[in-house]
There are 2 protein chains.
Amino acid sequence: MTPQEILREKGLKNTELRRRVLSLLLEKQDPLSHVEIFEELASAGQALDRVTLYRTLSAFSEARIVHKVQGTDGTVRFRLLRASSGDGCLGNHPHFLCRKCGRMSCLLEQPLPRVDVPAGSVVEGKQLLVFGLCGDCAANKKTEETVL
Amino acid sequence: MTPQEILREKGLKNTELRRRVLSLLLEKQDPLSHVEIFEELASAGQALDRVTLYRTLSAFSEARIVHKVQGTDGTVRFRLLRASSGDGCLGNHPHFLCRKCGRMSCLLEQPLPRVDVPAGSVVEGKQLLVFGLCGDCAANKKTEETVL
DNA sequence: TACTCAATGCAATTTAGTTGCATTATAGCA
DNA sequence: TGCTATAATGCAACTAAATTGCATTGAGTA
């Protein structure tokens, strides 16, 4: 699905910024933070406003084009949902957050566990976040330690 | 273990504020946010400084007296760890966050699942957060809907 | 009791996110 | 194609959360 098609399907207006954000999210396979998206677009020469990006992302979130993942670092990240992107991400899988480089990645193909909650509670969603060092950072760390 | 004993064991100075924060965390069984702790102490007549509380909580976190739980609401909450409190909380269990009243509770006795990560990654911790409506808020909501 | 360094309190600053409002531009329709 | 309603944008100002620097206070130890 193209950015245009996604926007049309959700009844959102087809604007330059929205197409750019969607293209970026389609291209990257992992959840991106507001800042990451902002900098990526800015460095691509796109003139853009912080506030408009906030509003764009929350519009996408409300329209269920993206889902939000809250990291243990306090940063919210956004990723396309499968229904819109066709790339297999339903949002219901664990995420991995590297505490060194700050990148988050999806651990696709792995289910979230069933959790028992107190009687009477209503479960609306779950989020499983694994944190530590990603492959790259773990490798670099080892190198640094060897050098020291 | 008493607040004094916990502080002594960790080599932290035994001050009024720290004892109060620890007493509160010992008393409450669920993770509390900075704001919740601040207001609880303030309403108990304790004169306190926001900044000092931030520093106190991060000192506790570094000393592994408390563990931090990041909610899907973007709020960090703190809870005593078992090693210090003796109350059975190791931190490695799911948490439930009510999106209406904002209270978080521990789902003790339930394990976190094993998660496979890409080769080379180092896992340092996991966090499983279930969100929705707690028993009280779900009951109230039903009542409201009936009334309408 | 005196000394040292951790802890505190206050002011100022940074950062993230929000709100209001005037302007612009998209999408639907004559 | 041009017109219109309204959604989206851009800017300024604001709110809230968290951090930093620094002078002062106070806990623990010799």
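## The surface near DNA strand D

DNA strand D is surrounded by 20 residues, and the closest are A:Lys13, A:Thr15, A:Leu17, A:Thr52 and B:Asn14. A residue is near a strand if its C-beta atom, placed from the backbone, lies within 6 Å of it. This is a predicted model: local features need pLDDT of at least 70, side-chain atom pairs count only at pLDDT 80 or more, and totals for chains, interfaces and linings use all residues. Residues are numbered from 1 along each chain as its sequence is written, while chains are lettered from A and ligands numbered from 1 in the order in which they are written.

Both chains take part. Helix H2 (16–27) and helix H4 (50–62) of chain A, with H3 and H4 of chain B, each supply at least two residues of this surface. H4(A) gives the most, with 5 residues. By type, the surface has 9 nonpolar, 6 polar and 5 charged residues. Here Ala, Val, Leu, Ile, Met, Phe, Trp, Tyr, Cys and Pro count as nonpolar, Asp, Glu, Lys and Arg as charged, and the others, Gly among them, as polar.

## Chain A in outline

Chain A has 6 helices and 6 strands. Helices (H or I, at least four residues) and strands (E, at least two) are DSSP runs, numbered from the N terminus. From that end, the order is α-α-β-α-α-β-β-α-β-β-β-α.

Of the 148 residues of chain A, 28% are buried. Buried means that 20 or more other C-beta atoms lie within 10 Å of the residue's own; exposed means 12 or fewer, and partly exposed is in between, with C-beta atoms placed from the backbone.

## Helix H2 of chain B

Helix H2 of chain B covers residues 16–27, 12 residues in total. From first C-alpha to last it reaches 16 Å, close to the 16 Å expected at 1.5 Å a residue. That expected span is 1.5 Å times one less than the number of residues.

The buried residues of H2(B) are B:Arg18, B:Val21, B:Leu22 and B:Leu25. Seen down the axis, they fall within an arc of 95 degrees, so they line one face of the helix. The arc is that of the directions from the helix axis to the C-beta atoms. The face turned away from the buried side carries the exposed B:Glu16 and B:Glu27.

## Two copies, one rotation

A rotation of 179 degrees with 0.0 Å of shift along its axis superposes chain A on chain B (RMSD 0.2 Å). The two copies are thus related as by a two-fold rotation axis. Superposition is by least squares on the C-alpha atoms of residues with pLDDT of at least 70 in both. In chain A, the C-alpha nearest the axis belongs to A:Leu128, 2.2 Å from it.
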